[in-house]
Amino acid sequence: MSFLLPKLTSKKEVDQAIKSVAEKVLVLRFGKDDDPVCLQLDDILAKTSHDLSKMAAIYLVDVNKVPVYTQYFDISYIPSTVFFFNGQHMKVDYGSPDHTKFVGSFKTKQDFIDLIEVIYRGAMRGKLIVQSPIDPKNVPKYDLLYQGI
Amino acid sequence: MIKNAVVVKYEAGEHDQLFWCLCCKREVKRHLSHGSLTVLHGGLLQHMASLEHKKEANKFWWENKAEAKLKQQFLISPEDYERFKSSLVKALDAYEEKEDEVIKEMASHIREVEQSRQEMVHAVLEPQTGTEFCDESSAFSTPGGHKSDITIITEEQLGPSVIQITPDLDWMEGNHALTFIGHQESEGKGNVHTGAKPPWLLQDEEEFGSKQQIGPSYEEFLKEKEKQKLKKLPADRVGANFDHTSQTGEGWLPSFGRVWNHGRRWQSRHQFKAESSQERDSQRKTRKRPKSELQ
């Protein structure tokens, strides 16, 4: 599944993607290709990427290869998915403690498609933070541990 | 028809048919149906056996002077009707037996399928060593979300219990062990929660030279794109040879049309020229002054 989606392997490539993807939601999946939950998520991303091609661009990033980003986004659980629009980091309120990224996999393809659509519409209207349309019970639960922030 | 009553499953379209009884001058249901079963031609027989119909038939024959022999064909005597009823009872029993058989067959099929599934589960359990049953079950993933079914069964060690349709929410509980890759310690650097500068805006690592090159070449590239689009347009369209860089004076638009004037057009044009020359002179004068001051 992960061989169907384009990958970014260096900080420079990630920078390039963030700066160059225009008028579409940029989806960056931070994780590892062989992790089971990542595989689930990658499957959903691969299946929906064609249908969402006009609204979103999806890339996979290995957390070991871009330590700068892993630290900046405070990625402790994988997979974590971060959304951008026109170079701007988009925050989404999923009902979880962390709005800067989506941790875990989606339950259905439709959940992911709905989320992308909400982010796209919010971004078109100038919103930097949107409300997630996914049912809170379908959002994976995890413990967020703050480290002396 | 009387001897062999036939009982079938009820089908709405077919079994609601009515027939017209000439004698009684009304429509009667042809088949008798109750719940999910139908007795074919039951309604017809029932009607023809009734007293009311007998009376009507007699009347009909008397009025229309029809042959009496034919009348018998349109009536059903009570004895015949009794015979029909008994055969009906037999037919009902036979039908019920058939239904039971079908149900038993389905049940045995379901049991077989369940058996095969159980065997597979046991086969999975045997080679496994560690506690990472998540990985094992993911490698063995059969249709859809049965991953969670297997993990739940192994956890509780239920034997022959049939948990085929687990609630969909269990997929999350089975996989709640998201891989933890450690706290991201970035003392002094800050992260997204502290509002630090994002890595993609940091320009320290980029070479200064490469940045210089990227700028104009991108603009040139866009211009090239536009030019290519223009080339695709037909070459003999209006204005294809329009020189965008030529200067235009004031007189190119007929902007001297006065509104409230009486008189000829050249007069308003003359007036406009005079006014514009005056403006030009005054502009030149104002421009000249600062120059002279500098000097």
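Contact here means heavy atoms within 4.5 Å.

## Basis of the model

This is a predicted model, in which local features need pLDDT of at least 70 and side-chain atom pairs count only at pLDDT 80 or more, while totals for chains, interfaces and linings use all residues. Residues are numbered from 1 along each chain as its sequence is written, chains are lettered from A and ligands numbered from 1 in the order in which they are written, and side-chain values use heavy atoms, with hydrogens and water left out.

## The surroundings of Tyr94(A)

Leaving aside neighbours within four places in sequence, Tyr94(A) is in contact with Phe83(A), Lys101(A), Phe102(A), Leu115(A), Ser132(A) and Val139(A). Tyr94(A) sits in the loop between strand E6 (88-93) and strand E7 (102-103) of chain A, where helices (H or I, at least four residues) and strands (E, at least two) are DSSP runs numbered from the N terminus. With a relative accessibility of 4%, Tyr94(A) counts as buried; buried stands for under 20% relative accessible area, exposed for over 50%, and partly exposed for what lies in between (1.4 Å probe, protein chains only). The C-alpha atom of Tyr94(A) is separated by 9.0 Å from that of Val130(A), although the two residues are 36 apart along the chain.

## Strand pairing in chain A

Two strands are taken to pair if DSSP finds at least two bridges between them. E5(A) and E6(A) run antiparallel and are joined by three bridges, and Phe85(A) has Gln88(A) in E6(A) as its bridge partner. These strands, E5(A) and E6(A), form a hairpin with two residues between them, and Asn86(A) in the turn has a positive phi of about 50°.

E6(A) is also joined by three bridges to strand E8 (residues 129-131) of chain A, in this case with the strands running parallel. In this pairing, Val92(A) stands opposite Val130(A) in E8(A).

## Nonpolar cores

A nonpolar core is a set of buried Ala, Val, Leu, Ile, Met, Phe, Trp, Tyr and Cys residues joined through side-chain atoms within 4.5 Å. The largest such core has 28 residues, and those with the most contacts inside it are Val25(A), Phe83(A), Phe112(A) and Ile116(A). At least two residues of this core are supplied by each of strand E2 (25-31), helix H2 (36-49), strand E3 (56-62), strand E5 (80-85), E6 and helix H4 (109-124) of chain A. H4(A) provides the largest share, with six residues. A second, separate core has 23 residues, including Ala17(A), Cys38(A), Ala196(B) and Trp200(B).

## Salt bridges

Side chains of opposite charge can pair when their charged atoms come close. A salt bridge is counted when a side-chain nitrogen of Lys or Arg is within 4 Å of a carboxyl oxygen of Asp or Glu, and by this rule there are 10 salt bridges over all chains. One of them joins the side chains of Asp42(A) and Arg29(A), at 2.8 Å from N to O. Because Asp42(A) lies in helix H2 and Arg29(A) in strand E2 of chain A, this pair ties together parts that are 13 residues apart in sequence. Both Asp42(A) and Arg29(A) are buried.

In the salt bridge between Asp135(A) and Lys137(A), the closest N and O atoms are 3.0 Å apart; Asp135(A) is partly exposed, with a relative accessible area of 35%, and Lys137(A) is partly exposed as well, at 47%. In chain B, Glu52(B) forms a salt bridge with Arg26(B), with 3.6 Å between the closest N and O atoms. This pair links distant parts of the chain, since Glu52(B) belongs to helix H3 (residues 51-64) and Arg26(B) to strand E3 (residues 26-29) of chain B, 26 residues apart. Glu52(B) counts as partly exposed at 39% relative accessibility, and Arg26(B) is partly exposed with a relative accessible area of 34%. Salt bridges that share partners also join Lys7(A), Arg29(A), Asp33(A) and Asp42(A) into one network.

## Chain B and its surface

Chain B contains 10 helices and six strands, and 21% of its 295 residues count as buried. Among its contacts between residues at least 6 apart in sequence, 46% join residues at least 24 apart. Chain B exposes about 23,700 Å², of which carbon and sulfur atoms supply 55%; accessible areas come from the Shrake-Rupley method with a 1.4 Å probe, and for residues only the protein chains shown count as cover.

Tyr218(B), Phe221(B) and Leu222(B) form a nonpolar patch on the surface, with about 320 Å² of accessible area together. Patches are made of residues with over 30% relative accessible area and no salt bridge, with like charges joined within 9 Å and nonpolar side chains (Val, Leu, Ile, Met, Phe, Trp, Tyr) within 5 Å. Phe221(B) lies in helix H9 (residues 208-232) of chain B and counts as partly exposed, at 46% relative accessibility.
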